[in-house]
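Hi,

Here is the structure I promised to pass on.

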2 protein chains.
Amino acid sequence: MTLCLNRDNLQGYVTEKDLLTLKPAVEKAHQDLENGTGAGHEFTGWLTLPSEIDDGFLQEAAQLGRELQACSDCLISIGIGGSYLGIRSTIEFLRGQARIPVYYAGHNMTPDYLNALLKSLDGKDFSVIVISKSGTTTEPALAFRVIKKYMKQRYSPQEMAKRIICVTDRAKGALRQIADQNGYRSFVIPDNVGGRFSVLTPVGLIPLAAAGIDVQALVDGARAGQKEYGRMAIDENSAYQYAAVRHCLFQQGKVIEVMASFYDNLMYVNEWWKQLYGESEGKDGKGIFPASLILSTDLHSMGQLMQEGLRNMFETFIEIRHPESRVEIPRDDQDLDGFNCVAGKYLDFVNKQAYKATAAAHLEGGIPNMTITLDRADAFHLGQLYYFFEKAVAVS
Amino acid sequence: MTLCLNRDNLQGYVTEKDLLTLKPAVEKAHQDLENGTGAGHEFTGWLTLPSEIDDGFLQEAAQLGRELQACSDCLISIGIGGSYLGIRSTIEFLRGQARIPVYYAGHNMTPDYLNALLKSLDGKDFSVIVISKSGTTTEPALAFRVIKKYMKQRYSPQEMAKRIICVTDRAKGALRQIADQNGYRSFVIPDNVGGRFSVLTPVGLIPLAAAGIDVQALVDGARAGQKEYGRMAIDENSAYQYAAVRHCLFQQGKVIEVMASFYDNLMYVNEWWKQLYGESEGKDGKGIFPASLILSTDLHSMGQLMQEGLRNMFETFIEIRHPESRVEIPRDDQDLDGFNCVAGKYLDFVNKQAYKATAAAHLEGGIPNMTITLDRADAFHLGQLYYFFEKAVAVS
């Protein structure tokens, strides 16, 4: 097990017995999911998606990536919501692993943003991936129009057809027609996966592969998650434990969940999580409000509120056991700041002390909290984390 | 008046009469603030700060900026909390106005982040601004140690002394000693301004001037705010109206305030607002939870929760009347997406339609909302907005 859920800091809020009480409800939800008998069952394609992804498709995607990287200084990914956040959260989490920079468009309609983006393209070669099930969602459709117009000044129609990739519906919709009529290559968004779950469909995998991300490792991690979180028994399934804890805390009036991390590369993973949970649960006058904290910065501000504000929230930390690199704290002859006491130690040692102290202080201050620990900040573990959250929200 | 507060979408939640009922309480708070008789009065230096900033200081800061820009390809700003967010919110809001890129350090202890930062400095010249009242706050102190060690490989002690600027206490603390003993230039953080209010002190102004931002315009805007929001009468003071509305909504069980914008460059302004309000109000088991939405992206996800989730929140939009540039929506001969209906119009026209529709829909769905409109996305209006929020939170 490479992803651990630690529930020690729920003491006084959620007991093992509380979780066992929920066992029948969790098993019912599990069976409804597996048998396709629950609400929204027509959109549960994400459930078995990792194991169904064809390795041939992954190779094709990687090959497309090599081709685009060879002719492009950067990539523009046009999409909104799940078709933006899943891509960005992966790129930012895997800091520096993309072989060419990825810029985003179609997720806002701020003219200054789009103008700055176009200006940054001057003198550079680029390719475009446009993602939309219908092709008529306003923001990406208008961004695509503007970017196509700019491309026409730079590239011939043949060259544009090489550089534009569409990810859209199999048969219908405006973007499907645009792709077919202009000879743009295209990939299919499956019908049975909702936008917020789409990161492991071509919606996420095509732009990620185009940027040079190891999508095979991402999918392998999701496959490990599919196996791990496929177990029905709550005591063997940490995704179900996470879901059940959230349920118990919500019953106790904890209406806000703060996803917190001491690792800055989780910022957009938190945003991805917000869209998944906000859209899935915010219905029928219910739903925990999902919020994000990136520490230590927010510790010096929002930390105050966490410590002494309204007691209407709980917290989930995401920890990384082994960061990808190390920084040794230097000795200083003057030692005016007094930190020679940690000289020679690694920065992450101090970071982990800060996390532990914060988690303990928040519990003591009335904020129950859990911690999800990833072994490493790589594509495999991110794939597993995506699936963990998807499975948990479905049962939640 | 260049900053407007629109309260039309509070219908059914907060009336003019409700605000007038609060008039005596607001006047009491106003007088406590003015007379220095309220709680925390020793930290209200921010109140008269804009008018007290010496224009000579602003010229000195701008001159320092020209000097650093001449010898640096980029700038590293080391600080945390208010000494990070105030700088970053200004730089990002004024997209593209910084003459050299600004990188941040000391706001997290993620080793991969710091290593990536150092790697990006290879082959580039840079200067460092380190901001800390005490010099012993862990995150910036450790980042400063690591960066100094890196600098020693690149620069002589004399050259380092030219490139390191300290912003710290006048007389005491580790960073003051480090500056004095090593001959680093330094600027003073006033004793009577708390960290979260520090953006208009040297904490914010020195790094911003160093990056080439027009700090004179920023301060001029804050001065306009000081005048505008210095009025005691609530019906003449929109900062007090904002504070009073928040109070009324909190009384009605609205425990979350969502700061929302359809302009992506407000993302870090929202983060700055979160630290100001979270730290100021999160005390004694009280405090509205401040959250941020950047639209349209979040509309396709968190929008669901806003529309149909728990009715425990309200929303404040920040609008920009005139963006700094325009994008015309192109006509498309194929018109497969059907958007020729808006061809020839500006993108911001559609953006504003989206905002209006969202604000109306949220009110109808049970989310009362206000809108703060800035005339332009420039330094003057940002300075005014900073002061607006500072004054409002003090009375709130």
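A polar contact here is a pair of N or O atoms within 3.5 Å; within protein, one must be able to donate a hydrogen and the other to accept it, and residues adjacent in sequence count only if both atoms are side-chain atoms. By that rule, the side chains of B:R88 and B:Y84 make a polar contact of 2.8 Å.

This is a predicted model, so local features need pLDDT of at least 70 and side-chain atom pairs count only at pLDDT 80 or more, while totals for chains, interfaces and linings use all residues. Residues are numbered from 1 along each chain as its sequence is written, chains are lettered from A in the order in which they are written, and side-chain values use heavy atoms, with hydrogens and water left out.

Back to B:R88: this residue counts as buried, because its relative accessibility is 18% (buried means under 20%, with a 1.4 Å probe and protein chains only).

Over in chain A, the domain assignment (automatic or from a database) gives domain 1 (3-39 + 220-395) and domain 2 (47-215). Domain 1 of chain A puts 29 residues into the contact and domain 2 of chain A 22 residues (contact means heavy atoms within 4.5 Å). The centres of the two domains, taken over C-alpha atoms, are 30 Å apart.

Three salt bridges cross that interface (a side-chain nitrogen of Lys or Arg within 4 Å of a carboxyl oxygen of Asp or Glu). A:R223 also forms a salt bridge with A:D55, with 3.2 Å between the closest N and O atoms.

Cheers

Terms used: Buried < 20%, exposed > 50% of the residue type's maximum accessible area, 1.4 Å probe, protein only.
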